[in-house]
Amino acid sequence: MSSSMMSRSGLKLRSSSQAARSVVAQAGASRPLWLPGNTPPAHLTGEMAGDFGFDPLGLGKDPASLAFYKEAELVHCRLAMTGVAGVLFTSVANKAGAGIPEWFDAGKVYDAQPNHIPFGTLLMVQLFLTGFVESKRWQDLNKPGSQGEKGSFFGFEGAFKGTGDPAYPGGPFDPLGLSRGSPEALQQYKLKEIKNGRLAMLAFIGFGAQHAATGKGPIDNLLEHIADPWHKTFAENGVSLPFTL
């Protein structure tokens with residue numbers, strides 16, 4: 001009797017173990033990867049937004065380094081999205097005759113204005129303000145929630161306590177309340193943000209490369225390409241390739 005019960009118990013355990021392995025295998029198979037069929041690194045479990053198992057150099061093996069790279073990528077994504085939006089807005093406004101210079105001429109036009117604030121002064125103010133914000137962000141990254149502690153921000157720390165995740169602080173940084181919805185919706189917002197941010201970083205590199213090659217902005221380049229798609233390309237500008245097709 002006892003041996004029969006033990007046998008049935010062993011069968012149940014093996015069955016449960018096999019079912020668990022099957023679920024894990026199915027989850028792994030359905031997880032989107034940067035290279036289909038590739039085995040992702042063990043430290044990239046798919047829990048982070050935008051994790052497609054890409055870390056060929058193993059930079060994120062250390063958990064502390066992985067947290068830093070996650071934060072750094074998000075900050076660069078947000079800066080790039082802001083920069084790309086600014087470049088496109090000024091280019092469209094310039095074409096519409098609004099009197100707004102292209103992004104690459106903005107500094108020169110501003111410097112030519114009478115009674116403008118000197119560039120050195122602007123630079124020092126920006127370095128001070130950005131340095132202050134970045135130092136606060138760095139402290140919060142090392143100790144999440146520390147910048148909401150009493151006495152950490154001139155009495156305003158209560159408004160900056162956040163969610164405990166430095167990358168997604170919420171509060172005043174989420175005026176539309178998108179983070180207060182369902183966890184599934186929030187995860188989708190995070191994924192969309194990181195995808196658009198990565199695209200924006202590539203786009204800004206492209207804007208810089210376009211200007212270096214043609215001396216023009218993205219809207220001008222786009223309109224010229226549409227007007228003559230066979231000749232107005234990167235292969236024909238005489239700079240992007242070491243030879244002419």
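Modeller: Asparagine 115 counts as exposed because its relative accessibility is 81%, where exposed means over 50% relative accessible area, buried under 20% and partly exposed in between (1.4 Å probe, protein chains only). This is a predicted model, in which local features need pLDDT of at least 70, side-chain atom pairs count only at pLDDT 80 or more, and totals for chains, interfaces and linings use all residues. Residues are numbered from 1 along each chain as its sequence is written, and side-chain values use heavy atoms, with hydrogens and water left out.

Asparagine 115 sits in the loop between helix 3 (106-111) and helix 4 (119-142); helices are DSSP runs (H or I, at least four residues), numbered from the N terminus. Although asparagine 115 is not a glycine, its phi is positive, at about 60°. Most residues other than glycine have a negative phi.

Glutamate 71, by contrast, belongs to helix 2 (residues 63-95) and counts as buried because its relative accessibility is 6%. Beyond its neighbours within four places in sequence, glutamate 71 is in contact with Arg137, Leu141, Pro166 and Ala167, contact meaning heavy atoms within 4.5 Å.

Helix 2 also packs against helix 5 (residues 183-214), with the axes 7 Å apart and at an angle of about 55°. Axes are lines fitted to C-alpha atoms, for helices over the stretch in contact, and angles run from 0 to 180 degrees between N-to-C directions. Helix 2 and helix 5 are therefore oblique to each other, a class left over once angles under 35 degrees count as roughly parallel, over 145 as roughly antiparallel and 65 to 115 as roughly perpendicular. The contact residues include Cys77, Met81 and Val84 of helix 2 and Ile194, Met201 and Phe204 of helix 5. By class, this contact of helix 2 with helix 5 has 13 nonpolar, four polar and four charged residues; Ala, Val, Leu, Ile, Met, Phe, Trp, Tyr, Cys and Pro count as nonpolar, Asp, Glu, Lys and Arg as charged, and the others, Gly among them, as polar.

The axes of helix 2 and helix 6 (residues 218-227) come within 8 Å and cross at roughly 65°. Here Val87, Leu88, Ser91, Val92 and Lys95 of helix 2 meet Pro218, Ile219 and Asp220 of helix 6.

As to confidence, the chain averages a pLDDT of 82, and 84% of the residues score at least 70; pLDDT is the predictor's confidence in each residue, from 0 to 100. Over residues 1-29 pLDDT stays under 50, and the model has zero contacts beyond four places in sequence for them.

Notes: Helix = DSSP H or I, 4+ residues; strand = E, 2+ residues; numbered from the N terminus.
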